[in-house]
Amino acid sequence: IMNEIKMNIAEGTYIYSVGYDCEAQKMIIELRNGTLYSYNNVPENVYNEMLNNDSAETYFVRNIKYEY
């Protein structure tokens, strides 16, 4: 998965990196323990809002984790 999608390092407590595939609208979350989670049909603006949020982890939990 990570070979296909460029991962961006996150500065979170439990999220290590985040990646996004624009064509597939797929978001990949890598936790610090190495676990990968894939979320489908995530709009690009939601991904960008997460990256630009003061707390990416809070944004992720409130807007992505249970929606996609």
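Is threonine 35 buried, partly exposed or exposed? Threonine 35 counts as partly exposed, because its relative accessibility is 30%. The scale here sets buried at under 20% relative accessible area, exposed at over 50%, and partly exposed in between, with a 1.4 Å probe and protein chains only.

The model is predicted: local features need pLDDT of at least 70, side-chain atom pairs count only at pLDDT 80 or more, and totals for chains, interfaces and linings use all residues. Residues are numbered from 1 along each chain as its sequence is written, and side-chain values use heavy atoms, with hydrogens and water left out.

**Loops and partly exposed sites**

Threonine 35 sits in the loop between strand 3 and strand 4. Helices (H or I, at least four residues) and strands (E, at least two) are DSSP runs, numbered from the N terminus. Tyrosine 16 belongs to strand 2. Tyrosine 16 is partly exposed, at 34% relative accessibility.

Two other loop residues have a positive phi without being glycine. Glutamine 25 has phi near 50°. Glutamine 25 lies in the loop between strand 2 and strand 3, and is partly exposed at 32% relative accessible area. Asparagine 41 has phi near 60°. The loop between strand 4 (36-39) and helix 1 holds asparagine 41. Asparagine 41 counts as exposed, because its relative accessibility is 54%.

Glutamate 44 is part of helix 1. Glutamate 44 is partly exposed, at 40% relative accessibility. Glycine 19, in strand 2, is buried, with a relative accessible area of 0%.

| Pair | Apart in sequence | C-alpha to C-alpha |
|---|---|---|
| Glutamate 44 and lysine 26 | 18 residues | 9.0 Å |
| Threonine 35 and tyrosine 16 | 19 residues | 9.7 Å |
| Tyrosine 16 and asparagine 52 | 36 residues | 16 Å |
| Glycine 19 and glutamate 67 | 48 residues | 17 Å |

**Buried glutamates**

For charge, Lys and Arg count as positive and Asp and Glu as negative; His and the chain ends are not counted. Glutamate 57 is in helix 2. Its side chain reaches the backbone nitrogen of threonine 13 at 2.7 Å.

Glutamate 30 is in strand 3 (residues 26-31). Glutamate 30 is buried and has no salt bridge. Here the nearest side chain of opposite charge is arginine 32, at 8.8 Å. The side chain of glutamate 30 makes a polar contact of 2.7 Å with the side chain of serine 17. A polar contact is a pair of N or O atoms within 3.5 Å; within protein, one must be able to donate a hydrogen and the other to accept it, and residues adjacent in sequence count only if both atoms are side-chain atoms.

**The largest pocket**

The largest pocket holds about 200 Å³ of space. A pocket is an open set of points on a 1 Å grid over the protein atoms alone, with protein on both sides within 12 Å along at least five of seven lines; lining residues have an atom within 4 Å of a point. Grid points are joined across faces, edges and corners, and the volume is the space filled by probe spheres set on the points.

The lining has 13 residues. Ile9, Ala10, Glu11, Leu51 and Ala56 lie nearest the centre. Strand 1 (7-9), strand 2 (15-21), helix 1 (44-52) and helix 2 (56-63) each give two or more residues to this lining. By class, the lining divides into 7 nonpolar, 3 polar and 3 charged residues. Ala, Val, Leu, Ile, Met, Phe, Trp, Tyr, Cys and Pro count as nonpolar, Asp, Glu, Lys and Arg as charged, and the others, Gly among them, as polar.

Methods
On a 1 Å grid over the protein atoms alone, a cavity is a set of points where a 1.4 Å probe fits but cannot get out, and a pocket is an open set with protein on both sides within 12 Å along at least five of seven lines; lining residues have an atom within 4 Å of a point. A salt bridge is a side-chain nitrogen of Lys or Arg within 4 Å of a carboxyl oxygen of Asp or Glu.
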